[in-house]
Amino acid sequence: MCSGAHVLEFLRYLDQFGKTKVHNQTCPFFGLPNPPAPCPCPLRQAWGSLDALIGRLRAAYEEHGGRPEGNPFGARSVRIYLREVRDFQAKARGVSYDKKRKRPKPKVAAAAAVTAAAAAAAAAADPSTG
Ligand SMILES: [Zn+2]
């Protein structure tokens, strides 16, 4: 049985593949979005990536018949971990995640509508159906 603890392990494991510099509190560049020099702070997974990943996994779990109340990706410990990561990265990098993020237009729905319109137009133009 997968639990929130395993999800946390997985998230920490992913950090080693991260590309986002997250300064330690002891680093002179802590809180600077654009540090003027290199520093030995580790690269981590950006909070936004982790949050998006967990969101997808949580949805996938339920799509495959998992019960929401047993969803390890929605576990309280996972939500707390993500919140801590967000708060720390916001401080460490001098950025605020509270700013409204630009929502991308729902491309999938638009593409489907275009496809449907194209199919309808094609059917109307098809002489064999008339
Ligand atoms: Zn640093």
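A residue is called buried here if 20 or more other C-beta atoms lie within 10 Å of its own.

**View 1. The whole protein, seen as a predicted model.** By the buried criterion, 13% of the 130 residues of the protein qualify. The fold holds four helices and two strands. Of the contacts between residues at least 6 apart in sequence, 63% link residues at least 24 apart.

**View 2. Helix H3 from end to end.** This helix takes in residues 76–93, 18 residues in total. From its first C-alpha to its last, H3 reaches 26 Å, close to the 26 Å expected at 1.5 Å a residue.

**View 3. The buried side of H3.** Look here for Val78, Val85, Gln89, Ala92 and Arg93, which are buried. These residues lie on the same side of H3 because they cover an arc of only 75° around the axis. Their cover includes two other helices, H1 (4–14) and H2 (47–63).

**View 4. The exposed side of H3.** Turning to the other side of the helix, we find Arg76, Ile80, Arg83, Glu84 and Asp87, and these residues are exposed. Compare them with Val78 and Val85, which are among the buried residues of H3.

**View 5. The residue that follows H3.** Arg93, the residue of H3 at the end of its 76–93 range, is buried.

Methods: Residues are numbered from 1 along each chain as its sequence is written. This is a predicted model: local features need pLDDT of at least 70, side-chain atom pairs count only at pLDDT 80 or more; totals for chains, interfaces and linings use all residues. A residue is buried if 20 or more other C-beta atoms lie within 10 Å of its own, exposed if 12 or fewer, and partly exposed in between; C-beta atoms are placed from the backbone. Two residues are in contact if their C-beta atoms, placed from the backbone, lie within 7 Å. The expected span of a helix is 1.5 Å times one less than its number of residues. The arc is that of the directions from the helix axis to the C-beta atoms.
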